[in-house]
Amino acid sequence: QVQLVESGGGSVQPGESLRLSCVASGLTFTRYAMKWYRQAPGKERELVATITPSGDITNYVDSVKGRFTISRDNTKNAVYLQMNSLKPEDTAAYYCRAVSVSQWPGTYWGQGAQVTVSS
């Protein structure tokens with residue numbers, strides 16, 4: 001079955017960096033756009049970043065532009081979110097999501113990784 005397994009979350013101080021990883025199995029990775037979402041307590045889940053199957057196009061929510069970078073390694077079935085200059089308002093559970101771009105629709109979610117930014 002399809003699995004998305006995230007890792008790399010943790011607790012850091014403002015201004016520090018973290019790198020989230022999401023490794024997929026059970027699917028043809030190059031048929032999926034990959035997305036990172038986050039959800040803070042009491043708030044709706046928010047789309048943070050998107051990358052196309054080939055990795056040539058990325059998009060970000062305005063609040064993370066210039067600080068976060070999404071990338072993927074199709075040889076490892078992995079997508080990454082490099083998070084620099086972290087702020088307390090970045091504190092949330094972060095989820096990766098695979099969205100099919102082929103003729104067979106499908107979407108899958110990871111289990112989430114907690115990121116806490118606090119002094």
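A search of the whole structure, which is a predicted model, finds 1 disulfide. This disulfide joins C22 to C96, with the two sulfur atoms 2.0 Å apart. The pair links distant parts of the chain, since C22 lies in strand 3 and C96 in strand 9, and the two cysteines are 74 residues apart. In general terms, a disulfide is a covalent bond between the sulfur atoms of two cysteines. The link of C22 and C96 is right-handed, with an angle of 55° about the S-S bond. Residues count as buried when their relative accessible area is under 20%; C22 is therefore buried, as its relative accessibility is 0%, and C96 is likewise buried, because its relative accessible area is 0%.

The largest nonpolar core has 29 residues, and those with the most contacts inside this core are L20, M34, W36, F68, L81, M83 and Y94. Two or more residues are given to this core by each of strand 3 (18-25), strand 4 (32-39), strand 5 (46-51), strand 7 (68-73), strand 8 (78-83), strand 9 (92-100) and strand 11 (113-117). The surroundings of M34 can be listed individually: when residues up to four places away in sequence are not counted, M34 touches C22, F29, A49, T50, I51, I70, R72, V79, R97 and A98. One of these contacts, C22, is also a partner in the disulfide with C96.

Turning to the strands, 4 of them form an open sheet in the order 1-3-8-7, and their pairing is antiparallel. Strand 1 (3-7) and strand 7 stand at the edges, and because each has a single partner strand, one side of each is left without a neighbour in the sheet. From one strand to the next, the twist averages 15°. Strands of a sheet pair, in general, through backbone hydrogen bonds, either parallel or antiparallel. Within this sheet, strand 3 and strand 8 run antiparallel and are joined by 6 bridges. Among the paired residues is L20, whose bridge partner in strand 8 is L81, and both L20 and L81 are listed with the residues that have the most contacts inside the largest nonpolar core.

In strand 9, which also holds C96, lies S100. S100 counts as buried because its relative accessibility is 14%, a value that falls under the cut-off of 20%. The side chain of S100 makes a polar contact with the side chain of S102 at 3.1 Å, and the side chain of S100 also reaches the backbone oxygen of W104 at 2.7 Å. When residues up to four places away in sequence are not counted, S100 touches R31, Y32, P105 and G106. The C-alpha atoms of S100 and L27 are separated by 9.8 Å, although these two residues are 73 residues apart along the chain.

N77, found in the loop between strand 7 and strand 8, has a positive phi of about 55° although N77 is not a glycine. S85, found in the loop between strand 8 and strand 9, has a positive phi of about 50°, and S85 is not a glycine either. N77 is partly exposed, because its relative accessible area is 22%, and S85 is also partly exposed, with a relative accessible area of 40%.

Methods:
Residues numbered from 1 in each chain as written. Predicted model: local features only at pLDDT ≥ 70, side-chain atom pairs only at ≥ 80, totals over all residues. Heavy atoms only, no water. Core = buried A, V, L, I, M, F, W, Y, C linked by side-chain atoms within 4.5 Å. Buried < 20%, exposed > 50% of the residue type's maximum accessible area, 1.4 Å probe, protein only. Contact = heavy atoms within 4.5 Å. Disulfide = S-S within 2.5 Å. Polar contact = N/O pair within 3.5 Å; in protein donor to acceptor, adjacent residues only side chain to side chain. Pairing = 2+ DSSP bridges. Axes fitted to C-alpha atoms, helices over the stretch in contact; angles between N-to-C directions.
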